[in-house]
Amino acid sequence: MVESLKKILPQKVSTAPTDLEAHGKDESYPIHHPPMAVVYAENLSDIQTALAWTRKHHIPVIPFGAGTSLEGHVVPQGPAISLDVSGLNRVVQIHPEDFMAVVEPGLTRKSLNEALKGTGLFFPVDPGADASLGGMAATNASGTTTVRYGGMRQSVLALQVVLANGEVLELGRGVRKTSAGYNLKDLFIGSEGTLGLITRLTLKLHPLPEHIHTLRVFFDNLTQTAQAAYAVMASGLPVARLELVDGVGIQAINHYLGRSYPEKPALFVEFHSSTHQALEAESSLAIELIQAAGAIRIDPARTQEERTAQWEARHQAYWALVNLFPGKEYLSTDTAVPVSKMPDLVQYSSYLLREMGLKGNILGHVGDGNFHTLVVCEPGDPRAEVFSERLVEHTLALGGTCTGEHGVGLRKKKYLAKEHGPALDWMRQIKRLFDPENLLNPGKIFD
Ligand SMILES: Cc1cc2nc3c(=O)[nH]c(=O)nc-3n(C[C@H](O)[C@H](O)[C@H](O)COP(=O)(O)OP(=O)(O)OC[C@H]3O[C@@H](n4cnc5c(N)ncnc54)[C@H](O)[C@@H]3O)c2cc1C
């Protein structure tokens with residue numbers, strides 16, 4: 001059957017084992033299944049041709065960007081083709097006067113920022129991996145600067161999408177505001193490839209901040225660290241980044257990068273200000289709050305080199321942790337709670353690791369009330385899932401969500417009924433409306 005696909009998309013379909021393997025897994029989900037074939041689309045017409053083939057043969061299609069997702073999003077659940085859009089990677093247009101860029105979905109966030117050099121603008125959403133912008137929209141990704149600039153939902157002004165039936169829709173407009181009817185654009189953001197293929201994005205850009213100041217702050221214990229983060233948020237200071245890395249994370253960084261940081265929990269705080277005076281005022285108030293919360297060491301960084309050196313501990317934390325526990329399996333939780341409840345959830349997560357006798361680490365975007373617990377287990381140890389279930393239960397009781405940014409994929413489907421109640425059935429009806437034959441990434445978000 002794949003031969004017929006090769007015929008209609010010559011030179012664009014691969015069944016090479018290495019390609020199949022790379023498209024049947026993501027960065028974390030333990031189960032892999034290769035797709036039947038990988039289509040390397042280069043334009044809209046390739047996508048429409050591949051979709052026509054899937055309709056004719058009733059073989060599902062899984063959109064694929066950079067494959068950095070963590071919840072089994074791109075893992076086939078049966079015979080399926082992977083539709084790789086990384087070749088659609090052009091910057092279509094930059095409109096500096098409107099703080100806007102139009103891009104293709106396979107372009108990565110770092111490549112966009114490269115292309116913006118010299119414009120005085122940047123695109124802030126920065127998940128830890130160099131993900132594709134289409135994949136980031138499809139998972140509603142966010143990152144370290146979301147506390148200030150918002151995540152993908154706030155950063156995408158308009159989308160072009162192709163539906164399962166091949167129809168092309170333009171959703172949203174390149175404007176800061178619109179009240180024109182239902183917001184279908186936001187429905188596709190976070191839809192994980194289950195409603196349509198994103199083929200073009202209009203993105204909101206921001207002026208590069210003129211004055212930046214970063215603080216790396218160590219505390220004696222995790223509770224103080226989380227409470228200090230909340231104190232900074234509660235003060236109303238316009239923080240641009242507020243990240244936590246626990247003592248295990250710092251220990252992993254010391255091993256991985258050969259550093260000698262105190263192996264204590266740390267906060268990374270950054271301010272982006274328009275004047276030097278504003279910067280001084282903001283960072284000195286933050287220092288006061290952090291000292292009152294019990295900081296044992298505060299390292300400021302002002303130059304770009306100093307900042308890069310400071311942020312390495314946060315940016316390299318995932319890989320450092322994987323390196324600290326070789327041969328193990330990882331489960332990264334992704335809970336988010338109202339920001340005042342974040343210290344409670346951090347404490348609960350740390351207690352649960354101890355109570356269950358599990359190794360792990362806590363790190364993340366605490367300014368958004370969102371953090372990750374990386375649970376380290378022997379392959380197949382069921383306790384990682386039990387940990388996740390207990391943490392999500394506590395999170396929902398605090399008014400939070402099972403996933404702040406990674407999305408549902410396969411692993412978090414079981415939490416949605418409790419989180420959404422009867423609204424989940426309306427989501428299923430929306431899926432049926434857009435994709436009645438269940439051809440787009442089936443088995444993700446819902447069974
Ligand atoms: C070290 C590390 C750190 C990370 N840190 C963060 C973080 O801080 N914040 C965060 O949000 N995530 C983070 N992630 C997860 C991951 O980077 C994001 O989920 C990212 O948005 C996935 O983008 P991708 O291009 O890799 O998508 P893929 O993995 O290729 O796909 C993800 C989903 O989107 C769908 N999809 C892809 N492209 C399209 C398209 N054009 N149209 C429709 N659907 C599409 C796929 O079908 C799939 O369901 C991290 C991952 C790693 C490995």
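Student: Which domains give residues to the shell around the ligand, and where does the shell lie as a result?

Tutor: This is a predicted model, in which local features need pLDDT of at least 70 and side-chain atom pairs count only at pLDDT 80 or more, whereas totals for chains, interfaces and linings use all residues. Residues are numbered from 1 along each chain as its sequence is written. The domain assignment (bounds from an automatic or database assignment) gives domain 1 (2–84), domain 2 (91–207), domain 3 (211–320) and domain 4 (324–415). Two of these give residues to the shell, so the shell lies between them, namely between domain 1 and domain 2.

Student: Which element gives the largest share of the shell around the ligand?

Tutor: There are 37 residues around the ligand, and Gly65, Gly128, Gly134, Gly135 and Gly193 come nearest, where a residue is near if its C-beta atom, placed from the backbone, lies within 6 Å. Strand S3 (61–64), helix H5 (133–138) and strand S10 (197–204) are the elements that give two or more residues to the shell; helices (H or I, at least four residues) and strands (E, at least two) are DSSP runs, numbered from the N terminus. The largest share, four residues, comes from H5.

Student: How many residues of the shell around the ligand are charged?

Tutor: In this classification Ala, Val, Leu, Ile, Met, Phe, Trp, Tyr, Cys and Pro count as nonpolar, Asp, Glu, Lys and Arg as charged, and the others, Gly among them, as polar. By class the shell has 17 nonpolar and 15 polar residues, while the number of charged residues is five.

Student: Which strands stand at the edges of the open sheet of four strands?

Tutor: This sheet has mixed pairing and the order S1-S2-S4-S3, where two strands pair if DSSP finds at least two bridges between them. S1 and strand S2 (residues 37–40) pair in the antiparallel sense over two bridges, and the bridge partner of Ser14 in S2 is Val38. Each edge strand has a single partner, so one side of each is left without a neighbour in the sheet, and these strands are S1 (13–14) and S3.

Student: Which helix packs on the open sheet of seven strands?

Tutor: The order of this sheet is S15-S12-S14-S13-S17-S18-S16, with antiparallel pairing. Strand S15 (297–301) and strand S16 (329–332) each have a single partner strand, so one side of each is left without a neighbour in the sheet. Neighbouring strands are turned by 15 degrees against each other on average, direction ignored, with axes fitted to C-alpha atoms, for helices over the stretch in contact, and angles running from 0 to 180 degrees between N-to-C directions. Touching strand S12 (211–218), strand S14 (266–273) and S15, and making about 10 degrees with the direction of S12, the helix that packs on the sheet is H11 (residues 276–292).

Student: How are H10 and H13 oriented to each other?

Tutor: The axes of helix H10 (residues 247–257) and helix H13 (residues 317–324) come within 8 Å and cross at roughly 80 degrees. Angles under 35 degrees count as roughly parallel, over 145 as roughly antiparallel, 65 to 115 as roughly perpendicular and the rest as oblique. H10 and H13 are therefore roughly perpendicular.

Student: Which residue in the turn between S8 and S9 has a positive phi?

Tutor: Strand S8 (residues 156–162) and strand S9 (residues 168–172) run antiparallel and are joined by five bridges, and Val162 stands opposite Val168 in S9. The two strands form a hairpin with five residues between them, and the turn residue with a positive phi, of about 95 degrees, is Gly166.

Terms used. Contact = placed C-beta atoms within 7 Å.
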